[in-house]
Amino acid sequence: GMDEVAETVLAHHERYDGSGYPEGLSRTDIPLAARIIAVADLYDALTRLASEEERLEPEAAVNEMKKTMGMLLDPLVVIVLEEVERELDEIT
């Protein structure tokens with residue numbers, strides 16, 4: 001179990017287009033969990049960790065992330081985040 005966790009943590013800096021590090025993995029060669037963590041990490045940075053002046057509302061953060069689909073982020077994972085965000089917005 002820990003080997004898979006270590007592989008996921010190591011790979012979450014890979015980029016969907018293969019320009020990331022440490023191994024330059026691309027697309028589905030990047031473990032799914034690492035692709036999910038990359039999306040969650042950026043979303044958290046844009047909506048919570050940025051300075052108050054630069055912090056984005058959830059919808060704006062997803063729109064910014066959509067600009068990186070296919071390059072930095074897995075498009076399918078970003079779309080799922082957008083759908084989940086939309087459903088959460090409807091609930092609250």
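Modeller: Let's start in the middle: the largest nonpolar core has 10 residues, namely Ala38, Val39, Tyr43, Ala61, Val62, Met65, Leu73, Val77, Val78 and Leu81. The elements giving two or more residues to this core are α2, α3 and α4.

Colleague: What counts as a nonpolar core?

Modeller: In general, nonpolar side chains in soluble globular proteins tend to be buried together. Here a core is a set of buried Ala, Val, Leu, Ile, Met, Phe, Trp, Tyr and Cys residues joined through side-chain atoms within 4.5 Å. Buried means under 20% relative accessible area, exposed over 50%, and partly exposed in between (1.4 Å probe, protein chains only). One caution: this is a predicted model, where local features need pLDDT of at least 70 and side-chain atom pairs count only at pLDDT 80 or more, while totals for chains, interfaces and linings use all residues. Residues are numbered from 1 along each chain as its sequence is written, and side-chain values use heavy atoms, with hydrogens and water left out.

Colleague: Which residues of helix α3 are buried?

Modeller: An α-helix has 3.6 residues a turn, so residues three or four places apart point the same way. In α3 (residues 58–66), the buried ones are Ala61, Val62 and Met65. Down the axis of α3, its buried residues fall within an arc of 100 degrees, so they line one face of the helix; the arc is that of the directions from the helix axis to the C-beta atoms. They pack against α2 (32–49) and α4. Helices here are DSSP runs (H or I, at least four residues; strands are E, at least two), numbered from the N terminus.

Colleague: And Glu82, is it buried or exposed?

Modeller: Glu82, in α4 (residues 75–91), is buried, with a relative accessible area of 15%. Its side chain makes a polar contact of 3.1 Å with that of Lys66. Such a contact is a pair of N or O atoms within 3.5 Å; within protein, one must be able to donate a hydrogen and the other to accept it, and residues adjacent in sequence count only if both atoms are side-chain atoms.

Colleague: What does Val77 touch?

Modeller: Contact means heavy atoms within 4.5 Å. Leaving aside neighbours within four places in sequence, Val77 is in contact with Leu32, Arg35, Ile36 and Val39.
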